[in-house]
Amino acid sequence: MASVPNIAGLTNRNLFRIGFQEPYKEVAVRDETTTNIRSFIFSPKGTYVAYRTDKKAEILKCADWSVAALIEGNYKEMFFSPLDNYFIVWEMFAMTKENPQGKPNLHVFKSSDGSKVGSFVQKNQIGWEPKWSADEKLFAILVNNRVLIYEDVKLDHYTHSIQAEKLQAFSISPSLAPAYYISIFTLGKAGQPSFWRVFKFPNFDLTQSVVSRSSFQADKATFHWNRRGTNVFVLTQTDVDKTGGSYYGKQSLSYGDVKGNGGNMTFSKEGPIHAISWNPGNWNEWVAVYGHAPAKATIFNAKCEPLFEFGTGAWNAIYFPPEGNLVLLGGFGNIATGHISVWDVRGYKKLGECSAPDTTSLAWDPRGECFLTATTYPRLTVGNGYKIWHYTGALMHKRTCEDKENLLSISWQPGNYPKSDLSKSVPKSIEVTPKATAAYRPPGARNKPSTFTFHEHEKPHKPGQVEATPSKQAIKQKEKREARKARKAEERGDAAPTITPTTPTTPKAPFVSTGDPEKDKKIKNLNKKLSDIEKLKQQKASGKQLELNQLAKIENEAALLQELAQLKL
């Protein structure tokens, strides 16, 4: 393998590669004579790169960019197995006069020579991808509410299966033999909860699950395993948030481990969960970006204990380099600024920041020294191009597409490469970062301290650490809140001089077990929610103005009581 990683990119004119060294010259791998190249992909280890057109898929060796295999067909999706040994493609399922039942449309080939290993019928494009174990010993595919598991790439017959009604998704942990773990998500019927479970291969009876968690508010789920495959987070989401709190549906995050422990994750700030990511270099660390704008970012350990608070910022994405010594927090999509912050996760120190507006894709250099941002078509039709940044935020290279040229995708070649001088020295930026434009202020307010703030930002700190001296703005805001409270208290006192007696709280009834551990867990969870609602009702009665989401919780009390009554039957 080369001493420096390559970058490959695809435009509407050609497929090109760049050796990562100045002057960053683009070399065409396939020019305009190869028409309609739709996409390309590197294998996980960086041995191969494959591209597809409307007529074929071609696998190239990255060592010399020669052709390893040519596979004819109009394929729509493709990917490589974890160790680069196999190449999987999917084409649209179709029934013809010659094949009224349809023919197999998912195929597995050897990457080295393109020989076919197996074929399957997979009608769905969403969730079509088979899953491999990290050592490629297990191959699994979801078909008709069943996960079929094949061993040792013998794809003519499956050896085990997991069957469950409304089985929607599954995942294989990255752990090695013999400790394979498989997680599944099943959608609940009307009035019944959805479940996610973890099984240890080959024990797949529902009563043999290592972890089992249920939720009445889950229409889909995504699994996030740590590097060792010992801990998993499951992000569940509803299609519609009935409380009106989110346009994208209500989210919840639960966790489990292979020892049977599990629970629900709660964050210190209300709002959506924008992103979560395990550290690829440390199985015991993960980062989450969550909460209403400005979002908050925190690094936790596997027990969900916070290790460091990055504060708040315009973030909605997390990117780790393969080594896991750094973390990049970015804000893209509906966050127009494209703000990027890079942190050292060992010393919790900010190393650099920059701004890359209109970014549609971002990827780290395999060495963790640089990262690449790009604006691609068809997500954005103007301003296509890419930039290479040093991890400190210095811009090293910039390429803007010419007229009538569109950048479709771009990525680094994976692999292990020796560190370069960039890991120690900071290069000179080719552009000077412009000063942020100050907000307009009328002439009478200029040269005077501002009393307005759009958001109260939280500074980076360790958990439990309190800021020694709050800012002047925070003090003023606090004084205003206290003055409002005092004013309202006076108004209530004038209107009704008699003191309203505090509503006596009913003593909490002792918990009585139903004998079913799953029911007991649900009952305890519902009792906690009802207790929180009781506190909110008391706050409302005392005159405190509640937030919309808190009022929605109070309105949901009747439904929770009904659910609790059904569980106690």
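**A walk through the predicted model**

Strands S6 and S7, the latter covering residues 67–72, pair in the antiparallel sense over five bridges. The model is a predicted one. Within this pair, Lys 56 has Glu 72 of S7 as its bridge partner. The hairpin of S6 and S7 has five residues between the strands, and Trp 65 takes a positive phi near 60° there.

The hairpin that joins S5 to S6 passes through three residues.

Is Trp 65 buried or exposed? Its relative accessibility is 14%, and since buried means under 20%, Trp 65 counts as buried.

The structure holds one cavity of 30 Å³ or more, and the volume of the largest cavity is about 30 Å³. Trp 65 lines this cavity together with Ala 8, Leu 15, Phe 16, Arg 17, Val 29 and Val 49. Strand S2 (residues 15–19) supplies the largest share of the lining, three residues. By class, six of the lining residues are nonpolar, none is polar and one is charged.

The loop between S2 and strand S3 (26–30) contains Pro 23. A cis peptide bond joins Glu 22 to Pro 23, with omega at about 10°. In the loop between S3 and strand S4 (39–42) lies Asn 36. This residue is not a glycine, yet Asn 36 has a positive phi of about 55°. With a relative accessible area of 42%, Asn 36 is partly exposed.

Pro 378 is placed in the loop between strand S33 (370–375) and strand S34 (385–390).

S4 brings in a pocket. The second largest pocket has a volume of about 1800 Å³. Its lining comprises 39 residues, of which Pro 44, Lys 45, Pro 82, Pro 280 and Pro 414 are the closest to its centre. Which elements give two or more residues to this lining? They are S4, strand S8 (77–80), strand S12 (131–132), strand S32 (361–364) and strand S36 (407–412). S8 gives the most, with three residues. The lining of the second largest pocket divides into 25 nonpolar, six polar and eight charged residues.

Helix H2 (residues 517–541) has 25 residues. From its first C-alpha to its last, H2 reaches 36 Å, close to the 36 Å expected at 1.5 Å a residue. Which residues of H2 are buried? They are Asp 520, Lys 522, Ile 523, Leu 526, Leu 530, Ile 533 and Leu 536. These buried residues pack against strand S18 (194–200), S19, helix H3 (548–555) and helix H4 (557–568). After H2 comes Gly 543, with a positive phi near 100°.

S19, one of the elements that the buried residues of H2 pack against, covers residues 211–215 and includes Ser 212. What does Ser 212 touch, leaving aside residues up to four places away in sequence? The contacts of Ser 212 are Phe 195, Trp 196, Arg 197 and Glu 518. S18 spans 194–200, and H2 spans residues 517–541, which places these contacts on the chain. Ser 212 has a relative accessible area of 16%, so this residue is buried.

Methods. Residues are numbered from 1 along each chain as its sequence is written. This is a predicted model: local features need pLDDT of at least 70, side-chain atom pairs count only at pLDDT 80 or more; totals for chains, interfaces and linings use all residues. Side-chain values use heavy atoms; hydrogens and water are left out. Two strands pair if DSSP finds at least two bridges between them. Helices (H or I, at least four residues) and strands (E, at least two) are DSSP runs, numbered from the N terminus. Buried means under 20% relative accessible area, exposed over 50%, partly exposed in between (1.4 Å probe, protein chains only). Contact means heavy atoms within 4.5 Å. On a 1 Å grid over the protein atoms alone, a cavity is a set of points where a 1.4 Å probe fits but cannot get out, and a pocket is an open set with protein on both sides within 12 Å along at least five of seven lines; lining residues have an atom within 4 Å of a point. Grid points are joined across faces, edges and corners, and a volume is the space filled by probe spheres set on the points. Ala, Val, Leu, Ile, Met, Phe, Trp, Tyr, Cys and Pro count as nonpolar, Asp, Glu, Lys and Arg as charged, and the others, Gly among them, as polar. The expected span of a helix is 1.5 Å times one less than its number of residues.
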